[in-house]
Amino acid sequence: MFKKILVLMIFFLMSRAEAGTWSPELRVGLMSDVKQVTLEVSAPCVMINAAKGNVVKKIPAGEKFIVAFNELKFNAIEIRPEKISLNDLRTTIDGKEYYGGVTANKEKNSLTIINLVPIEEYLRGVVSKEMSPSYPLEALKAQTVAARSFALKNRGRHVKDGYDVCASTHCQVYIGVAKFDSVDKAVDETRGEVLVYKEKLIDTNFHADSGGMTEDVGDVWGTATPYLVAVREIVQLTAQPWTVKVTAKDFSSRFGENFGDVKEIKLSKLTVGKPANDRTSSGRVKSAQLVGTKKTVTITGNDLRRKFSLPSTLFDMSFDGNEIIFTGFGRGHGVGMSQVGARDYAGSGWSYEKILAHYYNGSKLKKLY
Ligand SMILES: [Zn+2]
């Protein structure tokens with residue numbers, strides 16, 4: 001239902017849009033529980049009472065002004081440009097520059113500050129942070145399409161907080177105005193493009209490094225999805241294996257007094273891409289048996305990863321009597337696109353379309369606007 005409304009909204013807004021520069025407007029939550037903010041706009045703006053839509057004040061360009069909880073007469077105000085389009089406005093909020101305008105919502109005792117930003121501008125401040133701007137252009141383009149799809153699919157995720165998406169890792173990290181020519185080019189060259197599966201926007205999960213094979217989403221979060229299946233990497237990846245060592249004493253202590261001292265670890269040997277009873281189709285650890293002097297416990301790979309801050313669940317475990325040694329590959333949950341993989345494929349001449357088709361099985365690229 002929500003998706004239908006979203007699509008209708010997009011077409012409704014498109015009909016009013018200036019051709020070529022319009023993109024859906026996103027409300028990005030920046031701050032909550034603040035008493036006041038200092039703002040400065042790059043072009044003449046108006047302050048609007050959001051409930052009625054009427055202009056309550058004109059704001060000149062380049063002058064600092066304060067919006068304070070104690071002095072605000074309305075439940076919500078919006079600051080929008082008077083003459084230029086929202087794309088071209090920049091608003092400085094407590095010294096940090098953002099694309100677009102701003103909304104201040106009055107809560108019980110404080111303000112919530114929200115950035116009103118066209119999605120194409122928002123993406124510049126997301127991709128710069130989520131992937132190194134020095135990566136090849138085709139990798140940045142793949143990341144941009146993934147980030148755009150995520151934002152549109154998750155628009156309204158924070159509706160109860162008064163905005164669409166937050167600016168942290170919970171949604172996507174957004175840093176406001178970022179000045180990287182490579183990222184600007186990636187955004188402009190993929191303008192309006194998203195990934196769909198059977199005409200629906202997809203979940204575009206990504207991670208740092210697959211370590212040789214990505215993971216089936218069902219093996220990480222429990223629900224299988226046809227476009228998030230394990231895929232083997234085709235090019236030789238440049239990532240090195242990682243090692244984490246834990247003393248037997250520290251290791252045992254993490255499993256409580258009832259466990260005793262670790263005696264033996266039962267886990268089949270890792271071959272990337274080879275499943276086993278205790279490993280998923282990519283070879284990631286499903287579970288391991290830890291034999292202690294007092295009892296034996298079975299623990300999932302995800303729990304081991306969390307407990308010992310391991311980079312991934314694609315690992316081997318060994319015990320030499322003194323130390324537990326984890327040796328593994330990759331970084332992150334392994335679901336969807338690998339950023340290191342995207343970089344290496346782009347470096348070997350793949351287009352962003354080909355990279356996305358590799359990681360999001362059966363998905364299609366669609367230009368929404
Ligand atoms: Zn969020």
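Colleague: What coordinates the zinc ion?

Modeller: His158 (NE2), Cys166 (SG), His170 (ND1) and Cys171 (SG) do, at 2.0 to 2.3 Å. This is a predicted model.

Colleague: What makes these atoms donors of the zinc ion?

Modeller: The cut-off for N, O and S atoms is within 2.8 Å of the metal. The four atoms stand at 2.0 to 2.3 Å. They therefore count as donors.

Colleague: Why is the arrangement around the zinc ion called tetrahedral?

Modeller: Its four donor atoms subtend angles of 100 to 119°. Tetrahedral requires all angles to lie between 85 and 135 degrees.

Colleague: What spacing do the donors follow along the chain?

Modeller: The spacing is H-x7-C-x3-H-C. His158 and Cys171 are 13 residues apart and link distant parts of the chain. His158 sits in the loop between helix H3 (137–153) and strand E11 (165–166). Cys171 sits in the loop between E11 and helix H4 (181–189).

Colleague: Are His158 and Cys171 buried or exposed?

Modeller: Both are buried.

Colleague: How do you know that Asn105 is buried?

Modeller: Asn105 has a relative accessible area of 13%. Buried means under 20%. Asn105 is therefore buried. This residue lies in strand E9 (residues 101–106).

Colleague: Which residues are in contact with Asn105, leaving aside its neighbours within four places in sequence?

Modeller: Asn75, Ala76, Ser110, Leu111, Thr112, Ile114 and Gly162.

Colleague: How do you know that E12 and E13 pair?

Modeller: Pairing needs at least two bridges. Strand E12 (residues 193–197) and E13 have two bridges, in the antiparallel sense. They therefore count as paired. Tyr197 stands opposite Lys200 in E13.

Colleague: Why do E13 and E22 stand at the edges of the sheet?

Modeller: The open sheet of three strands runs E13-E12-E22, with antiparallel pairing. Strand E13 (200–201) and strand E22 (364–367) each have a single partner strand, so one side of each is left without a neighbour in the sheet.

Colleague: What packs on the sheet?

Modeller: H3 does, touching E12, E13 and E22. The direction of H3 makes about 70° with that of E12.

Colleague: Which domains is the protein chain divided into?

Modeller: Domain 1 (23–187), domain 2 (192–237 + 333–367) and domain 3 (242–328).

Colleague: How many residues of domain 2 are in contact with domain 3?

Modeller: 12 residues of domain 2 are in contact with nine of domain 3. Taken over C-alpha atoms, the centres of domain 2 and domain 3 are 28 Å apart.

Key
Residues numbered from 1 in each chain as written. Predicted model: local features only at pLDDT ≥ 70, side-chain atom pairs only at ≥ 80, totals over all residues. Heavy atoms only, no water. Donors = N, O, S within 2.8 Å, 3.2 Å for Na, K, Ca; no water. Tetrahedral: all angles 85-135°; square planar, octahedral: opposite > 155°, others 65-115°. Helix = DSSP H or I, 4+ residues; strand = E, 2+ residues; numbered from the N terminus. Buried < 20%, exposed > 50% of the residue type's maximum accessible area, 1.4 Å probe, protein only. Contact = heavy atoms within 4.5 Å. Axes fitted to C-alpha atoms, helices over the stretch in contact; angles between N-to-C directions. Domains from an automatic or database assignment.
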